Amino acid sequence: MPEHVDCLIHLRTEAVSVIIDGSAGRLPGIAYWGADLGELTPADVTAVIAGGARAGALADQGVPTGAALLPELWTTWTGRPGLSGSRNGRDWSPKFTTTGITVDGDVTEHGSVIIGGAASVQFRAADPAAGLELVITVELITGGLLRSRAEVINTGAEPYQLDDLVLAYPVPERAREILDFAGRWAKERTPQRRELTVGTHLREGRRGRTGADAATVLQVGTPGFGFADGEIWGVHVAWSGNHTHYAERIATGEQVVGGGELLLPGELRLSGSESYASPWLYGSYGVGLDQVARRFHRYLRSRDQHPDRDRPVTLNVWEAVYFDHDTDRLIDLAERAAALGVERYVLDDGWFGARRNDHAGLGDWTVSPDVWPEGLHPLVNRVRELGMEFGLWFEPEMINLDSDVARAHPEWVMATGDRLPVEHRQQQVINLGIPECYAYLRDAIGALLDEYPIGYIKWDHNRDLIDSGTAPDGRPGVHAQTAAVYRLIDELKAAHPGLEIESCSSGGARVDLGILERTDRVWVSDCIDPLERQQMNRWTTQLIPPELMGSHVASGRSHTTSRRHDLSFRAGTAVFGHFGIEWDLAEATEAELAELGGWIDFFKAERGLLLGGDLVRIDYPDESIHAHGVVAPDRRTAIFAVAAVGRSEVESVGRIPLRGLDPDLRYRVEPVMVDPAAVGRARDPWFTPTPAPLPGSVLIGGGLRVSDLRPEHVVLVRVEAVEAS
């Protein structure tokens, strides 16, 4: 067995190339990540690596330059190191040597490996002097996504304190503009841009959950990139606890993007033979933000557990009744919903324990006999008789101090040891890292799933994990809590095949690919105001496809902003996602119910396209207009929306290019679900009774003119290819 192995690897799939430099026994580095380079010989691969190497005295001495996937200090890399930790101040700067490489499970020793298609490469490395081993896995997967993870193993006799483990992907010097996201409750995923300058752009999530202000996807691209244009390299950390995303440019001009889990002080102390595996770091390269997004979408849609496109139209009763649970009223809502064609009915907060408001009851997961003397059976049975699936709200990770479980087990409340965290929403966090607490929650939820035919759980999470430690010493517990949540969801779904779970976290504060490996959709935001959702839906799809995005029709007056909007704007915004209703139907007029029924019929007829097409978001200089759509993979059908999110200073904002169509086909463009109130005096060509088919080239290059679209309204058009005459 050689002391080290050398291997140069070229991975190719879906118009993406990745070249991995595993030479001289050093930790692997990404020598190239970008557009497909085509068929390369081993000599070509070597030339690509040599062309990217930095010349200089250190290189002449055999010292590698640039960052490995796990950047090392000994290489003179002056940016963020990949591994930080020590053994009581020792072994803090390891020098790893690669001892083994496998490609799709086959051992590789020397030479070049050229692979077309998805593949997995694993590198094993060690530093015997530091008492550490390392396993780095790199994969190029469906959609053309690059992903990697690292596992560090303590082979020494003394414990090793692990402080940080992050991975890094290089980006070329021409990528100098950053786009990521900010946000807050009810205003999630607000885009923000800045220049990438020398130093580190660091986004840390310290909320114990992903956070409404999470970076989500941190992208670095050529300046001025948009939805259709500009090269972009983006990363996402698939982890639902504390996390790090960063972009870095050092004095040599080298640049990386990377991330990993953010570990709290003392959170991971590895005893002999213990190990820690980082979350997956996903990378998406594309020309334009839409291509970056579609790589994520294609990967997610390729998974065996990905939900069916026929997502059921859902009614959630929270904004209809809040905590005021009355069996007759809730059954009446179910009957009204079924008459409209609703397919799933979800009972929200307030059905359990002493939960008559948000001050008490969390943690007591038994049906309240005061409110439901016959249990949930009367409601569940009626919902099922009406042909709808029944769903139920839980908040398993939280606890009220005014609850039976908190009084019986105060040690289950996460705390630093000498004080309770500051309360939020009158609640604390229950510690799933304690085996007895975990078993209690698993069994309590499982008992309800056994008793009732529950097909869907709305899994809420309404506070940050601040000062979240484990009694009695208060050691930090966020990592253990996150891992336990994953395990709990996995166990419940394994025991109840077909169960779907929505990740709701104060709205959209837990949107990441870690939670979506085990849940079936996310709740984008507690704000369903369609004007706000135009922005939030638009940017949430930068990571996830529309079918994973809970998107509901709000009440006439928004419960979070108090704005009023016409039903056509509320529904025309909501149909580009997993469509549902968050509205007291008993307050709707007959005309509103008829219109809503029409939108439900439209969604059911078109959901295969709405939730299975390729996302298109249209760059447009007039900020009063948001235009977007979905185009079928064969490009024969599409649905586009043009929304006025403000008032322009001109009467006609111009022509909207309908990107994504086939320029060689002819298309008929017809309005759908038209609200006359959306359009002023002008009538654009698509409103004529028998619109003439137009070439795709005209619709792409010339576009459709938008004139006098009234603010806070939306127009939908269906585009369908016609056979040549």
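The protein exposes about 26,500 Å², and carbon and sulfur atoms supply 50% of that area; the areas come from the Shrake-Rupley method with a 1.4 Å probe, and for residues only the protein chains shown count as cover. This is a predicted model, in which local features need pLDDT of at least 70 and side-chain atom pairs count only at pLDDT 80 or more, while totals for chains, interfaces and linings use all residues. Residues are numbered from 1 along each chain as its sequence is written, and side-chain values use heavy atoms, with hydrogens and water left out.

**Overall build**

- The protein has 13 helices and 41 strands; helices (H or I, at least four residues) and strands (E, at least two) are DSSP runs, numbered from the N terminus.
- The radius of gyration is 27 Å, close to the 27 Å that the globule rule gives for 725 residues, so the protein is as compact as a globular protein of that length. The radius is taken over C-alpha atoms, and the rule is 2.2 Å times the number of residues to the power 0.38.
- The C-alpha trace spans about 80 × 75 × 45 Å along the principal axes of the protein.
- Of the 725 residues, 61% are buried. Buried means under 20% relative accessible area, exposed means over 50%, and partly exposed is in between (1.4 Å probe, protein chains only).
- Among contacts (heavy atoms within 4.5 Å) between residues at least 6 apart in sequence, 71% join residues at least 24 apart.

**Charges**

- The protein has 70 positive and 104 negative side chains, and the centres of the two sets lie 4 Å apart.
- Lys and Arg count as positive and Asp and Glu as negative, while His and the chain ends are not counted. The place of a charge is taken as NZ of Lys, CZ of Arg, CG of Asp or CD of Glu.

**Aromatic side chains**

- The structure holds 18 aromatic pairs. Rings of Phe, Tyr and Trp (its six-membered ring) pair if their centres lie within 6.5 Å; planes under 30 degrees apart count as stacked, over 60 as edge-to-face and the rest as tilted.
- One of the pairs is edge-to-face: W318 and F323 lie 5.2 Å centre to centre, with 90° between the planes. W318 is buried at a relative accessible area of 19%, and F323 is buried at 18%.
- W351 and W365 form a tilted pair, 6.0 Å centre to centre with 40° between the planes. Both W351 and W365 lie in the loop between β23 (344–347) and α6 (377–385), so the pair ties together parts that are 14 residues apart in sequence.
- W351 and W365 are both buried. One aromatic cluster is formed by W351, F352, W365, W393 and F394.

**Helix α11**

- Helix α11 covers residues 567–574 and is mostly covered, with 8 of its 8 residues buried. The buried residues are L567, S568, F569, R570, A571, G572, T573 and A574.
- These buried residues pack against α10 (530–540), β32 (549–553), β33 (578–581), α12 (590–610), β36 (637–644) and β41 (713–722).

**Residue T13**

- T13 lies in strand β1, residues 7–13, and is buried with a relative accessible area of 15%.
- Not counting residues up to four places away in sequence, T13 touches G117, A118, L140, I141 and G144.
- T13 and D584 are 571 residues apart in sequence, and their C-alpha atoms are 49 Å apart in space.

**The loop between β4 and β5**

- W92 lies in the loop between β4 (83–86) and β5 (97–103), and counts as exposed at 52% relative accessibility.
- W92 touches L73, G85 and S86, not counting residues up to four places away in sequence. The C-alpha atoms of W92 and Q161 are separated by 9.6 Å, although the two residues are 69 apart along the chain.
- D91 is also placed in the loop between β4 and β5. D91 is not a glycine, yet has a positive phi of about 60°.

**Other backbone features**

- R425 has a positive phi of about 55° although it is not a glycine. R425 lies in the loop between α7 (404–408) and β26 (428–429) and is partly exposed, with a relative accessible area of 26%.
- The peptide bond from A471 to P472 is cis, with omega near 5°. P472 is in the loop between β28 (469–470) and β29 (475–476).
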